[in-house]
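Hi,

Here is the structure I promised to pass on. Have a look at it first, and then read my notes below.

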Amino acid sequence: MTYCDAHNHLAAPALASHVPAIIPALTAAGVTHIVVNGTEESDWPTVAKLAADHTAKHPALHLTPSYGLHPWDTGNRSSDWLKTLRHYLETDPLAAVGEIGLDRWMLERARPDDPRLAGLRRAPLDEQHDIFQTQLALAVGLDRPATIHCIDAFGLLLETLQAVPLPSRGFLLHAYSGSVELVAPFVALGAYFSFNGAYLAPRHARLRALYQTIPLERLLIETDAPAMLAPPEYAPLALATAPELNHPANLAATYDALARLREIPLPTLTAQVAANYSRLFLRA
Ligand SMILES: [Zn+2]
């Protein structure tokens, strides 16, 4: 099998001590391609180092580095952030832009003491919107695909994407959770949608129905590891000493589940997703 993880965070500090064990586990699980997303200035060097070290040592696992300022991290950016981001992207012509986006949940629904947001200044939506548009323009200018995070701001996202130039290769709406009605207008703009194993939890019936409607040629699969842990029956692998985190090799179990959800043979899904991944993230 050639499984492709369209979105993970292998450079997250929480995974640093686990990476030497994760790489062989990915290969053993049949994972051949991953996109490693940076989310803030402090993890961009780790993404670059993983990409540089990795390519020589593990030719069986293809790693696409991706650099961006996540909406959660927008409020804590330095004055040099854009210069630094441009540097990382120009240094590696195969790098993608992301994770970038818009997040109204953080402002209106997140608990004040949510540990995932500890220490972050929660940037208002207009500030997020500025930073998002700046990064999207960078992706267009450098001809790179972009990975977009969006929670509770899909109307604004669609309006924005309809008003500005977009990456010619397309863009990924990672762990898309918007409405079924917005799928077609996003598709018309070049969107891909990545299904996350966390959506296999019983309470996410709406999202499973949504992913039955995504056109097959725009469908991708992701882990968002170490975040978005799937229910136990779909998360067979755990990280030693950190069972609360999502192991990136759980991707294989998500492929199985999505093939059943879409009622297509696993090899058909695998081949389709690999073709989609290649079209969006890989250079010919
Ligand atoms: Zn992510």
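**Overall shape**

The chain has 284 residues, and a compact globule of that length would have a radius of gyration near 19 Å; the value here is 17 Å, which agrees. Do keep in mind that this is a predicted model. Along its principal axes, the C-alpha trace spans about 45 × 45 × 40 Å. Of the 284 residues, 45% count as buried. If you look at contacts with a separation of 6 or more, 77% of them come from residues 24 or more positions apart. As for secondary structure, you'll find eleven helices and eight strands.

**The sheet**

How are the strands arranged? There is an open sheet of eight strands, in the order S1-S2-S3-S4-S5-S6-S7-S8, with parallel pairing. Strands S1 (3–8) and S8 (219–222) are the edges, each pairing on one side only. On average, neighbouring strands of this sheet are turned by 25 degrees against each other, direction ignored.

I'd start with S5 and walk along from there. Strand S5 covers residues 146–151, and five of its six residues are buried. On one side, S5 pairs with strand S4 (residues 96–103) in the parallel sense over five bridges, and Asp-103 stands opposite Ile-151. S5 is also joined to strand S6 (residues 171–174), again parallel, by three bridges. Here Thr-147 stands opposite Leu-172, and Ile-148 has Leu-173 as its bridge partner. To get from S5 to S6 the chain goes through helix H7 (residues 154–163), in a right-handed β-α-β crossover.

Which residues cover the two faces of S6? Phe-171 and Leu-173 are on one side, Leu-172 and His-174 are on the other, and all are buried.

Next comes strand S7 (residues 191–196), which pairs with S6 in the parallel sense over four bridges. Leu-173 turns up again here, with Phe-193 as its bridge partner in S7. The chain crosses from S6 to S7 through helix H8 (residues 183–189), and this β-α-β crossover is right-handed too. Finally, four bridges join S7 to S8, which run parallel, and Phe-195 has Ile-221 as its bridge partner in S8.

**Helix H2 and Val-47**

Helix H2 packs on the sheet, where it touches strand S2 (31–37) and strand S3 (62–67); the direction of H2 makes about 160 degrees with that of S3. The length of H2 also checks out: at 1.5 Å a residue, its 14 residues should span 20 Å, and the end C-alpha atoms are 20 Å apart, which agrees. The buried residues of H2 are Trp-44, Thr-46, Val-47, Ala-48, Leu-50 and Ala-51. These buried residues pack against S2, S3 and helix H4 (81–91).

Val-47 is worth a click if you have the viewer open. Why does Val-47 count as buried? Because 25 other C-beta atoms lie within 10 Å, and the cut-off for buried is 20 or more. Leaving aside residues up to four places away in sequence, Val-47 touches Ala-11, Val-36, Gly-38, Pro-65 and Tyr-67. Val-47 and His-9 are 38 residues apart in sequence, yet their C-alpha atoms are 8.7 Å apart in space.

Against that, a cis peptide bond joins Gly-98 and Glu-99, with omega about 25 degrees; Glu-99 sits in strand S4. The peptide bond from Ala-225 to Pro-226 is cis as well, with omega near 15 degrees. Pro-226 is in the loop between S8 and helix H10 (251–262).

That loop between S8 and H10 also holds Thr-241, which has a positive phi of about 70 degrees although it is not a glycine. Thr-241 counts as exposed, with 8 C-beta neighbours inside 10 Å. Glu-263 is not a glycine either, and has a positive phi of about 55 degrees. You'll find Glu-263 in the loop between H10 and helix H11 (266–281). With 7 C-beta neighbours inside 10 Å, Glu-263 counts as exposed.

Cheers

Terms used. Residues are numbered from 1 along each chain as its sequence is written. This is a predicted model: local features need pLDDT of at least 70, side-chain atom pairs count only at pLDDT 80 or more; totals for chains, interfaces and linings use all residues. The radius of gyration is taken over C-alpha atoms; the globule rule is 2.2 Å times the number of residues to the power 0.38. A residue is buried if 20 or more other C-beta atoms lie within 10 Å of its own, exposed if 12 or fewer, and partly exposed in between; C-beta atoms are placed from the backbone. Two residues are in contact if their C-beta atoms, placed from the backbone, lie within 7 Å. Two strands pair if DSSP finds at least two bridges between them. A crossover is right-handed if, with the strands pointing away from the viewer, the path from the first strand over the helix to the second runs clockwise. Axes are lines fitted to C-alpha atoms, for helices over the stretch in contact, and angles run from 0 to 180 degrees between N-to-C directions. The expected span of a helix is 1.5 Å times one less than its number of residues.
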